[in-house]
Amino acid sequence: MSELERFREAGLISRKVKEEAYRIVREGARILEICETLEDLIRREGAEPAFPCNIGVNEIAAHYTATLGDVSRIPPRSIVKVDVGVSLDGYIADTAITIVLDPRLEPLAESARIALHEAIKAIKPGISTSKIGSIIHKTITGMGFKPIRNLTGHEIKRYNLHAGLSIPNIPTRRGERLREGHIYAIEPFATTMRGAGEVVSTKTVAIFRIDSETIFRKRLKDEEYQLAKLLAERFDSLPYTPRWIDGFDKFRRAHEKMVRTGKIYGYPVLVERLGEPVAQFEHTVYVSSNGCEILT
Ligand code: MN
Ligand code: MN
């Protein structure tokens, strides 16, 4: 099977996962159950989650996943982003949808969805990332909303979710060109006109990653060494959640300490700076000779 066919396979699985997400994201649903259901579906399809299932409620834009024993539920009248990654031997499909539980938030979600499709319509070899950002910005502002300027799409390579080139949601001074045969994730984020149009980090961290190449060069105490070995074997350098580690309690203190000392990297939860609701849609696309193919 060619590389493109592998990426297509991953994309097909991601579509099933999104269909399931549309079914199970409901007011009152447990966020832990949603994450586990979607991640299990990916595994049942013969793939692995490329990162923990991200659930972003209201002003949460990215990097939240259910924590161990999470009891939180989808609140009423909320806007919910579901962002999933499917990895088939490192061929990754990265895709996100927004589910709206209040009709008043529908136009916001619609602005991100249409911005994504306007961008995709324009994608072909040689288009600049700045032009894509400009299309996304124009579409979202034209509908009365604001793009999030410090979140971007990205190139995808095998086993590498954020490979080099970034694709902004606003025009930029200097653009780079998309190339035929390459894979990119396009992901417009939008908020209201009252919002700041940017995200900031919070103190909450639910998703982590190690650098499996360098972690063993650091001075590790016995417990830390055991944990590093487990993390490297299970996840290599891919993002993970403590939910995926059986008997995590035994490692809890070592894990906290390694996060504090920078041996484990934590992704802070990102929220809209002024607390306004955020919408996101994302597709992974393949740039063909005269346009692009949506893989997700
Ligand atoms: Mn994503
Ligand atoms: Mn992405």
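These legends describe close-up views of a predicted model. Local features need pLDDT of at least 70, side-chain atom pairs count only at pLDDT 80 or more, and totals for chains, interfaces and linings use all residues. Residues are numbered from 1 along each chain as its sequence is written, chains are lettered from A and ligands numbered from 1 in the order written, and side-chain values use heavy atoms, without hydrogens and water.

**View 1. Helix H1 and its packing partners.**
Helix H1 covers residues 3-24, 22 residues in total. Helices (H or I, at least four residues) and strands (E, at least two) are DSSP runs, numbered from the N terminus. H1 reaches 32 Å from its first C-alpha to its last, close to the 32 Å expected at 1.5 Å a residue. The expected span is 1.5 Å times one less than the number of residues. Its buried residues include Leu4, Phe7, Ile13 and Val17. Buried means under 20% relative accessible area, exposed over 50%, partly exposed in between (1.4 Å probe, protein chains only). The buried residues of H1 pack against helix H2 (31-44) and several strands, among them E3 (79-88), E4 (91-100) and E13 (283-287). Contact means heavy atoms within 4.5 Å.

Arg23 and Glu20 join their side chains in a salt bridge (2.8 Å, N to O). The rule asks for a side-chain nitrogen of Lys or Arg within 4 Å of a carboxyl oxygen of Asp or Glu. Arg23 and Glu20 are three residues apart in helix H1, so about one helical turn separates them. Arg23 is exposed at 52% relative accessibility. Glu20 is buried at 18%.

**View 2. The interface of domain 1 and domain 2.**
The domain assignment gives domain 1 (3-201 + 270-294) and domain 2 (206-269). Such bounds come from an automatic or database domain assignment. The contact takes 23 residues from domain 1 and 14 residues from domain 2. The C-alpha centres of the two domains lie 26 Å apart. About 1400 Å² is buried between them, with carbon and sulfur atoms giving 69%. Buried area is the accessible area (1.4 Å probe) that two parts lose on being put together, summed over both. In domain 1, Pro52, His63 and Leu68 lose the most area to domain 2, together 39% of what that side buries. The rule finds one salt bridge across this interface.

**View 3. His63 in its loop.**
His63 sits in the loop between E2 and E3. Its phi is near 75°, a positive value in a residue other than glycine. His63 is partly exposed, at 25% relative accessibility.

**View 4. Thr191 and its surroundings.**
Thr191 belongs to strand E9 (residues 189-192). Thr191 is buried, at 0% relative accessibility. A polar atom of the Thr191 side chain lies 2.8 Å from the backbone oxygen of Pro277. Residues touching Thr191 include Leu108, Phe145, Ile148 and Glu276, not counting residues up to four places away in sequence.

**View 5. Arg194 and Glu276.**
The side chains of Arg194 and Glu276 form a salt bridge (3.6 Å, N to O). This pair links distant parts of the chain, 82 residues apart. Arg194 is in the loop between E9 and E10, and Glu276 in the loop between E11 and strand E12 (278-280). Arg194 is exposed at 64% relative accessibility, whereas Glu276 is buried at 14%.

Notes
A polar contact is a pair of N or O atoms within 3.5 Å; within protein, one must be able to donate a hydrogen and the other to accept it, and residues adjacent in sequence count only if both atoms are side-chain atoms.
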